[in-house]
Amino acid sequence: MTHASHALHHSHPDRAKHGQAPEHHAELEEVLDLDARLGASVLSQAMDDAVQALATEPREIVDLGAGTGTGTVALAHRFGRARVHSIDASVGMLDRVREAAREAGVAERVQPHLADLDGEWTADLPDGIDMAWAALSLHHVEDPPRLLRQLFESLRPGGVLVVIEMTGETSYEPADLGTRRARLGNRIVDTLAARGYPVTADWTDALTSAGFAPVRRRETSVTASTETRDGSRYLEVQLAFNRALLAEGMDSDDLDAVDEVITQLGGGYSPLAVASGRVIWVAVRPDVAA
Ligand SMILES: C[S@@+](CC[C@H](N)C(=O)[O-])C[C@H]1O[C@@H](n2cnc3c(N)ncnc32)[C@H](O)[C@@H]1O
């Protein structure tokens, strides 16, 4: 997901802060779907890193906070003999997971679980999980160290946990978004950052404290550009959705310029791109026998 999407991903900041699941949300779903396509290379990279860390092909995978099923489907495709347990606290999101799995032809290997990651979510899972996957979800929970300890116990020795988050690095090209308002992109990023978006988190110490070793960290990025229909729609939806937040901190000339960009994006004549940083952790539950 690009960073400008953070307000969509955390459209209920208080709830996100307190670890409760956002409700079924049409805009969030559209952005998650666009993210799925625009951020496919990040997921591939994360899966490559996980494969490197795993000694054998995963058979039991857990997708924590599965959302619309982006990770679930990517994991089921990549690991053709694995069962993917998709956990989410939102009924609406789990419906989307089922639909995505059906459309992708992997439904028989996808097991949706309605569960709260702040509760006893491990109850219905098999013992000895090979891989756990937490994309843009770990920061939602109330007590991440507790969840990490539960994950450590759920994984088999040698199993891996993959965590993906945003880094907070965002840059627009051109920096004025084609408006002649110099550095408008920087002011958009700064205005949102001053309101807590995107939510970023660094889990290296928490993963290490939970007992994972090694803990590998890699930075990468996602680009959305008006050169593709998805990229264009993504930029438009994000700016439109974030506009209310931008209005809290930008002057009227900047806001007018943002509106102009949204109109241009809708009309298909804005040459714009945004690059947004992601971080991938691959953390191993040490195999004592190894
Ligand atoms: C930003 S979305 C990420 C979705 C997906 N992993 C992706 O990368 O596209 C976060 C998801 O975590 C879920 N979630 C948040 N808090 C949760 C909790 N305490 N228990 C279970 N799911 C939760 C939300 O319902 C939402 O679907």
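The protein chain of this predicted model has 11 helices and seven strands. Its C-alpha trace spans about 65 × 40 × 30 Å along the principal axes. For 290 residues, a compact globule would have a radius of gyration near 19 Å, and the chain, with 19 Å, agrees with that. Of the 290 residues, 53% count as buried. Among contacts between residues at least 6 apart in sequence, 81% join residues at least 24 apart.

A search of the whole structure for aromatic pairs finds one. Phe152 and Phe212 form this pair, with 5.2 Å from centre to centre and 80° between the planes. The arrangement is edge-to-face, because an angle over 60 degrees between the planes counts as such.

Another loop, the one between helix 8 and helix 9, holds Pro198. Pro198 is buried too, because its relative accessible area of 15% is under the 20% limit. Thr167 is 31 residues from Pro198 along the chain, and their C-alpha atoms are separated by 8.3 Å.

Helix 11 can be followed from one end to the other. At its start, a side-chain oxygen of Asp251 comes to within 3.1 Å of the backbone nitrogen of Asp253. The helix comprises 16 residues, 252-267, and at 1.5 Å a residue these should span 22 Å; the end C-alpha atoms are 22 Å apart, which agrees. Its buried residues are Asp254, Leu255, Ala257, Val258, Val261, Ile262, Gln264 and Leu265. An α-helix has 3.6 residues a turn, so residues three or four places apart point the same way. What covers the buried residues of helix 11 includes helix 8 (184-194) and helix 10 (229-249). Just after helix 11, Gly268 adopts a positive phi of about 80°.

Key. Residues are numbered from 1 along each chain as its sequence is written. This is a predicted model: local features need pLDDT of at least 70, side-chain atom pairs count only at pLDDT 80 or more; totals for chains, interfaces and linings use all residues. Side-chain values use heavy atoms; hydrogens and water are left out. Helices (H or I, at least four residues) and strands (E, at least two) are DSSP runs, numbered from the N terminus. The expected span of a helix is 1.5 Å times one less than its number of residues. Buried means under 20% relative accessible area, exposed over 50%, partly exposed in between (1.4 Å probe, protein chains only). Contact means heavy atoms within 4.5 Å. A polar contact is a pair of N or O atoms within 3.5 Å; within protein, one must be able to donate a hydrogen and the other to accept it, and residues adjacent in sequence count only if both atoms are side-chain atoms. Rings of Phe, Tyr and Trp (its six-membered ring) pair if their centres lie within 6.5 Å; planes under 30 degrees apart count as stacked, over 60 as edge-to-face and the rest as tilted. The radius of gyration is taken over C-alpha atoms; the globule rule is 2.2 Å times the number of residues to the power 0.38.
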